[in-house]
Amino acid sequence: MTGLLGGAFDPPHVGHVALAEAAERELELDEVVVVVVADPGHKDVHAPAEARLELAQLAFPGRSVVLDHHARTVDMLREGAWDDPVFLVGADEYLDFARWKEPEAVLRLARLGVATRPGFALPSPPPDRVLFFEIEPLAVSSRELRERVAAGRPIDGLVPPPVADAIARLGLYRR
């Protein structure tokens with residue numbers, strides 16, 4: 001099974017890394033591929049796609065990191081050639097899953113791996129083709145990180161050190 005961790009990664013943080021590691025371990029995945037969405041159709045991005053790709057490569061050393069030019073997950077899955085894919089999301093994203101483009105098609109093309117965490121009521125047992133796995137909750141978000149950088153506050157411990165270095169080197173997220 002191949003886990004697919006998709007997102008804007010604007011910037012990637014320790015929560016993303018923990019989700020990939022927990023999914024690989026708990027779902028017994030053969031690999032986790034990090035899919036950086038070049039132009040997400042559902043949210044604005046603050047750094048160019050190539051910079052976010054570089055940050056993701058630094059955050060996930062030893063993992064395959066690819067740039068995806070599809071705005072929607074279902075389109076990426078239709079064109080992908082992954083072995084038994086499991087698309088990985090957090091519980092917050094799962095609660096919005098019914099509003100995704102063609103959620104039924106997403107579940108035909110891949111299983112959904114959902115990281116559970118306190119404060120999110122999820123159905124028990126999980127629906128067909130949905131796998132729940134536990135993750136240690138980390139209080140970090142990409143939005144918070146962008147705000148911290150813009151305000152000149154440290155991001156140590158919230159992103160892998162090479163990511164913090166690259167954000168500074170590239171001058172990302174400053175006002």
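Predicted model: local features only at pLDDT ≥ 70, side-chain atom pairs only at ≥ 80, totals over all residues.
## Starting in the sheet: strand E5

Strands E5 and E6 pair in the parallel sense, joined by five bridges.

How many of the six residues of E5 are buried? Six of the six are, so E5 is mostly covered, with buried meaning under 20% relative accessible area. Arg111, Gly113 and Ala115 point one way from the strand, while Leu112, Val114 and Thr116 point the other way, and all are buried.

## The whole sheet

Now step back from E5. Six strands form an open sheet, in the order E3-E2-E1-E4-E5-E6, and the pairing is parallel. Which strands are at the edges? They are E3 (64–68) and E6, each of which pairs on one side only. From one strand to the next, the twist averages 30°.

Elsewhere in the sheet, E1 is joined to E2 (residues 31–37) by six bridges, and the two run parallel. Gly7 has Val36 as its bridge partner in E2.

## Helices on the sheet

Helix H1 lies across E1, E2, E4 (85–90), E5 and E6, and runs at about 115° to E6.

## One side of helix H6

Helix H6 covers residues 142–150, and Ser142, Leu145, Arg146, Arg148 and Val149 are buried in it. Where do they sit around the axis? They cover an arc of only 160°, which puts them on the same side of H6.

After H6 comes Gly152, which has a positive phi near 75°.

## A cluster of aromatic rings

The count of aromatic pairs in this model comes to five. One of them is Phe87 with Trp100, an edge-to-face pair with 6.0 Å from centre to centre and 85° between the planes. Phe87 lies in strand E4 and Trp100 in the loop between H4 and H5, so this pair ties together parts that are 13 residues apart in sequence. Phe87 and Trp100 are both buried.

Trp100 also pairs with Phe97: the ring centres are 4.9 Å apart and the planes are at 65°, so this pair is edge-to-face too. Phe97 is buried, as is Trp100. One aromatic cluster is formed by Phe87, Tyr94, Phe97, Trp100 and Phe132. Thr73, found in helix H3 (residues 73–79), is in contact with Phe87 and Trp100, leaving aside its neighbours within four places in sequence. Thr73 has a relative accessible area of 18%, so it counts as buried.

Most residues other than glycine have a negative phi, and most peptide bonds are trans. The peptide bond from Asp10 to Pro11 is cis, with omega near 5°, and Pro11 is in the loop between strand E1 (2–7) and helix H1 (14–26). The bond from Ser124 to Pro125 is cis as well, with omega near -5°. Pro125 lies in the loop between strand E5 (111–116) and strand E6 (130–134).

Glu102 is not a glycine, but has a positive phi of about 50°. Its place is the loop between helix H4 (91–95) and helix H5 (103–109). Tyr173, in the segment after helix H7 (161–170), also has a positive phi, near 65°.

Definitions and conventions:
Residues numbered from 1 in each chain as written. Heavy atoms only, no water. Helix = DSSP H or I, 4+ residues; strand = E, 2+ residues; numbered from the N terminus. Pairing = 2+ DSSP bridges. Axes fitted to C-alpha atoms, helices over the stretch in contact; angles between N-to-C directions. Contact = heavy atoms within 4.5 Å. Phe/Tyr/Trp six-rings, centres within 6.5 Å; stacked < 30°, edge-to-face > 60°. Buried < 20%, exposed > 50% of the residue type's maximum accessible area, 1.4 Å probe, protein only. Arc of directions from axis to C-beta.
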